[in-house]
Amino acid sequence: MSDHVVGRHAVHACLVSGFVSQLLVEEQGRGLEAFIALAQQKKIHIKNMSRRELDRQSQGAPHQGVMALLLPYPYATLENVIALDSDLILVLDQIQDPRNLGAIVRSAAAFGVG
């Protein structure tokens, strides 16, 4: 399965940012109208599913009736990064803990990393 996000807040943020390729919604889900309208506005394919199928697709994660399949992330090339002409560049590899990444990003922003 492609990368995916579950839960109403996370899916909404991805829909707003434009990284969603497909929206999966629970057929009998309540309060999903705003997600459906936003997906339609952005011309994102919407697929209605039973709760059981959505449970299977989300691999047991608490989806709250909604799941987004994401587009591939557009990574920058080294040439693009160097072309930024920044005095400080931060390069990371295989960060796995989101708390560590958050701390690194906050520190980098404080020091003016490009």
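Predicted model: local features only at pLDDT ≥ 70, side-chain atom pairs only at ≥ 80, totals over all residues.
Helices here are DSSP runs of H or I that are at least four residues long, numbered from the N terminus. Glu33 is found in one of them, helix 2, which covers residues 33-41.

Stepping back to the whole chain, the protein has five helices and four strands. Followed along the sequence, they come in the pattern β-α-β-α-β-α-β-α-α. As for overall dimensions, the C-alpha atoms fill a box of roughly 55 × 30 × 25 Å along the principal axes. The radius of gyration is 18 Å, whereas a compact globule of 114 residues would come out near 13 Å. Buried residues account for 25% of the 114 residues.

Next come the charged contacts. Side chains of opposite charge can pair when their charged atoms come close. How many salt bridges turn up in this protein? The count comes to two. One of them joins the side chains of Arg51 and Glu26, with 2.6 Å from N to O. Arg51 belongs to helix 3 (residues 51-57) and Glu26 to strand 2 (residues 20-26), so this contact ties together parts that are 25 residues apart in sequence.

Glu53 is partly exposed, with a relative accessible area of 26%. Arg56 reaches 54% relative accessibility and so counts as exposed.

The aromatic rings tell their own story. There are two aromatic pairs in the structure. In the pair made by Phe19 and Tyr73, the ring centres are 6.1 Å apart and the planes meet at 35°, so this pair is called tilted. Phe19 and Tyr73 link distant parts of the chain, being 54 residues apart. Phe19 lies in the loop between helix 1 (8-17) and strand 2, and Tyr73 in the loop between strand 4 (66-70) and helix 4 (78-82). At 33% relative accessibility, Phe19 is partly exposed, while Tyr73 is exposed, with 53%.

Tyr73 has a second ring partner, Tyr75: these ring centres are 5.0 Å apart with planes at 70°, so the arrangement is edge-to-face. Tyr75 is exposed as well, with a relative accessible area of 70%. Put together, Phe19, Tyr73 and Tyr75 make up one aromatic cluster.

All three of its rings show up in the lining of the second largest pocket, which consists of Asp3, Phe19, Leu70, Leu71, Pro72, Tyr73 and Tyr75. This pocket holds about 180 Å³ of space. By class, its lining has six nonpolar residues, no polar ones and one charged one.

The largest pocket has a volume of about 720 Å³. Which residues lie nearest the centre of the largest pocket? They are Tyr75, Leu90, Val91, Leu92 and Leu101, out of 20 residues that line it. Tyr75 therefore turns up in the linings of both pockets, because a residue counts as lining when it has an atom within 4 Å of a pocket point. Helix 4 and helix 5 (98-110) each supply at least two residues of the lining of the largest pocket. Helix 5 gives the most, with four residues. The lining of the largest pocket divides into 18 nonpolar residues and two polar ones, with no charged residues.

How values were computed: Residues numbered from 1 in each chain as written. Heavy atoms only, no water. Salt bridge = Lys/Arg side-chain N within 4 Å of Asp/Glu carboxyl O. Buried < 20%, exposed > 50% of the residue type's maximum accessible area, 1.4 Å probe, protein only. Phe/Tyr/Trp six-rings, centres within 6.5 Å; stacked < 30°, edge-to-face > 60°. 1 Å grid on protein atoms, 1.4 Å probe; cavity = no way out; pocket = protein on both sides within 12 Å on 5 of 7 lines; lining within 4 Å. Points joined across faces, edges and corners; volume = space filled by probe spheres on them. Nonpolar A, V, L, I, M, F, W, Y, C, P; charged D, E, K, R; others polar. Rg over C-alpha atoms; globule rule 2.2 N^0.38 Å.
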